[in-house]
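Subject: Handover of a structure for your review

Dear colleague,

Please find below the structure that I am passing to you. My findings follow it, arranged by chain.

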Amino acid sequence: MQVLLADPHRDILLTYQKLFALRGDAADCAFDGTQALTCLTQGDYQLAIVSSRLPRIRAEKIIEAARARGVPCIELIDTHLRSAHLLSGVSACAFLSLPVSPDILFGYVDAILQKAACGERFSVAGVTVDVRGFCLEGSGIPLTSKEIDLLRALKDGPLKDVRHLSTYINALNNKLAMHGQSARISYVLKKGYCVVNQNA
Amino acid sequence: MRKVRKKFILFAMLSIFVLLTALLGILNGISFTRTAEDADRVTQMLCDGHGSFDQSPPPEQPQGRFGPAWRDTQPLRASIQYFTVGFKKSGDDVKFVEQHLAGLSEDDAVAWARSLKNGETGWTKTVYRYRVVSDDGRTIVTVIDQSRELLSPYRILKISIVGELAVLLIAFFVLLFVSKRLLKPLEETDRKQKRFIAELEQELRVPLTVLDAGTELTEKEHGATDVTRSMRRQIKQMAHLLRSLEALTVLEPDEHNASTFSLSDLCNQVIDTRAADFEMRGLRFTPHIAPGVTLTGDNEGMRKLLDELLENQLKFSTGHASLTLKEENNHVLLLAQNGTDLAPRNAEAVFDRFTRLENAVGHSGAGLGLSYVKDIVKAQGGRISAELKDGTFLIKINL
């Protein structure tokens with residue numbers, strides 16, 4: 001697998017390049033936005049990990065360019081910007097904030113690659129999810145890997161403890177509203193979080 | 001910083017008011033005292049002259065507080081209005097009357113003097129000064145009209161009051177302007193401190209990530225050792241410290257944290273999570289959660305708030321607890337109510353840090369839960385209050 005690592009910090013890039021190498025994956029490093037764009041146009045990548053602090057060209061533009069080439073992206077962002085990024089429609093497949101341990105990062109990498117490799121589509125409450133494209137079918141509204149997992153879990157039944165997923169639930173409800181859907185993820189007393197049709 | 005500025009202005013105004021009032025009070029006091037002393041000298045002269053002004057100066061010139069006491073009485077006789085009544089020492093029989101007060105009959109003068117006979121000296125009917133002297137088998141009462149002499153002190157008093165009000169008003173506007181400039185360095189320091197904490201938190205993330213990834217790499221290449229395990233533990237601890245720093249900055253209102261979410265759903269979720277705890281404690285819990293109530297703010301902050309409120313009810317409720325959420329006048333109203341055996345009092349102290357009331361004995365905790373709730377409400381721009389009466393403890397939150 002070929003990975004593009006775009007971050008202004010040399011130490012992070014070189015360490016992660018070695019970690020990817022140990023997994024048998026090749027990783028190219030870009031220290032700024034210009035280098036990252038150049039790599040994208042010249043190389044063939046299965047994944048891009050882009051830092052929000054990339055100089056010269058904003059990370060969102062790099063991510064858009066990568067997605068246009070069918071390359072899923074992970075964005076490394078500041079913690080307090082996570083909600084804003086989830087709602088802003090930036091088409092990264094995951095938003096991680098430093099410090100992220102290699103185990104967690106590679107967990108996300110594997111989950112995203114698995115989704116990107118499958119051609120799965122599923123529907124829940126009238127909404128169709130394009131898993132490979134990481135988006136809501138029809139509208140192209142981007143979804144993150146966690147949001148896809150959440151929708152898949154809700155398809156199977158109500159969820160009780162979603163303590164660490166509440167940000168994604170809010171983001172999903174906003175995206176469903178943008179998509180013009182009447183479905184919402186709501187909490188039903190004694191049942192848990194369900195996808196509920198508001199018109200019902 | 002606004003609170004600090006308000007306190008500063010209030011304290012400064014109070015100080016100016018107290019100082020000015022004291023100073024002007026002393027000046028006016030001196031003014032009135034001098035008038036009274038002058039009047040006393042005149043009444044003494046009249047009493048000595050048995051109701052009339054004595055021409056000759058006394059053998060020794062008595063000194064008043066502010067200069068020689070005796071002065072030529074010629075101008076006084078012309079300007080002063082007075083009356084003197086001499087009574088026999090025993091009984092009320094009048095020996096003589098010297099009436100030089102316009103508009104007053106002799107009988108009225110005698111009646112007035114009779115009412116003052118048992119006194120010594122002082123003011124009567126506001127502007128009249130009197131003196132009572134007893135000698136040679138008789139009592140002499142002299143009353144002089146000081147209304148003209150009092151004009152000046154009263155004028156000074158009025159000017160003092162108006163002047164003080166004017167000074168206070170000017171001082172207020174000056175303090176408004178000056179306090180902003182004076183407190184600017186403090187505000188700047190406070191802002192820099194917060195920014196420093198936020199930037200420190202951000203800047204520590206990169207080195208920590210590198211250390212974490214480097215340790216992982218070392219373990220993969222050379223195997224885990226005691227050293228690498230120890231490094232992992234330290235990295236975990238530093239990550240925990242970073243989260244605490246993050247919590248310090250996150251409580252500040254920040255548009256990046258804000259999102260619109262369903263508060264009704266959040267309430268229901270937290271209630272469901274704690275339902276089993278209420279059952280286990282044998283407490284009756286009644287939720288009244290209006291559907292469709294949304295809020296723009298910090299979702300995680302509100303979750304923690306609800307958690308703390310329910311935790312507080314679980315610990316200290318006797319019998320019955322309830323949580324109400326509704327919308328009222330474009331505000332979100334959250335009421336947490338529970339039975340209590342505490343005596344009625346001002347319950348606002350529960351929001352102070354490290355405050356534990358008497359019913360907290362036997363329960364764990366440092367008295368921080370409700371102060372944390374207050375911090376979250378303030379960060380959300382809301383208001384919180386507590387009431388304790390008739391065996392019920394109520395927390396009311398307006399968002």
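In chain A, buried residues account for 42% of the 200 residues. Please bear in mind throughout that this is a predicted model. The secondary structure of chain A consists of 7 helices and 10 strands. Of the contacts in chain A between residues at least 6 apart in sequence, 51% link residues at least 24 apart.

**The parallel sheet of chain A**

Five strands of chain A form an open sheet in the order β2-β1-β3-β4-β5, and their pairing is parallel. At its edges are β2 (26–30) and β5 (94–97) of chain A, each of which pairs on one side only. From one strand to the next, the twist averages 20°. The parallel strands β1(A) and β2(A) are joined by 5 bridges. A:Ala6 has A:Ala30, in β2(A), as its bridge partner. In general, the strands of a sheet pair through backbone hydrogen bonds, in either a parallel or an antiparallel manner.

**Helix α3 of chain A**

Which residues of helix α3 (residues 59–68) of chain A are buried? They are A:Ala59, A:Ile62, A:Ile63, A:Ala66 and A:Arg67. Because these residues cover an arc of only 130° around the axis, they lie on the same side of α3(A). The elements against which the buried residues of α3(A) pack are β1 (2–6), α2 (33–42), β3 (47–51) and β4 (73–77) of chain A. Among these are β1, β3 and β4, which also belong to the parallel sheet described above. Just after α3(A), A:Gly70 adopts a positive phi of about 75°.

**The antiparallel sheet of chain A**

Chain A also contains an open sheet of 3 strands, ordered β6-β7-β8, with antiparallel pairing. Its edge strands are β6 (121–124) and β8 (135–136) of chain A, and each pairs on one side only. Strand β7 (residues 127–130) of chain A runs antiparallel to β8(A), and 2 bridges join them. The bridge partner of A:Val129 is A:Leu136, which is in β8(A). Helix α6 (residues 145–156) of chain A lies across β6 and β7 of chain A and runs at about 60° to β6(A).

**Chain B**

Chain B has 8 helices and 14 strands. Of its 399 residues, 22% are buried. Residues 24 or more positions apart provide 63% of the contacts in chain B with a separation of 6 or more.

In helix α8 (residues 369–379) of chain B, the buried residues are B:Leu370, B:Val373, B:Lys374, B:Ile376 and B:Val377. Their directions cover an arc of only 165° around the axis, so they are on the same side of α8(B). These buried residues of α8(B) pack against α7 (299–316), β13 (383–389) and β14 (392–398) of chain B. Just after α8(B), B:Gly381 has a positive phi of about 80°.

One further residue may be of interest to you. B:Asp277 is located in helix α6 (residues 263–280) of chain B. B:Asp277 and B:Leu310 are 33 residues apart along the chain, and their C-alpha atoms are separated by 9.9 Å.

Yours sincerely

Notes: Residues are numbered from 1 along each chain as its sequence is written. Chains are lettered from A and ligands numbered from 1 in the order in which they are written. This is a predicted model: local features need pLDDT of at least 70, side-chain atom pairs count only at pLDDT 80 or more; totals for chains, interfaces and linings use all residues. Helices (H or I, at least four residues) and strands (E, at least two) are DSSP runs, numbered from the N terminus. A residue is buried if 20 or more other C-beta atoms lie within 10 Å of its own, exposed if 12 or fewer, and partly exposed in between; C-beta atoms are placed from the backbone. Two residues are in contact if their C-beta atoms, placed from the backbone, lie within 7 Å. The arc is that of the directions from the helix axis to the C-beta atoms. Two strands pair if DSSP finds at least two bridges between them. Axes are lines fitted to C-alpha atoms, for helices over the stretch in contact, and angles run from 0 to 180 degrees between N-to-C directions.
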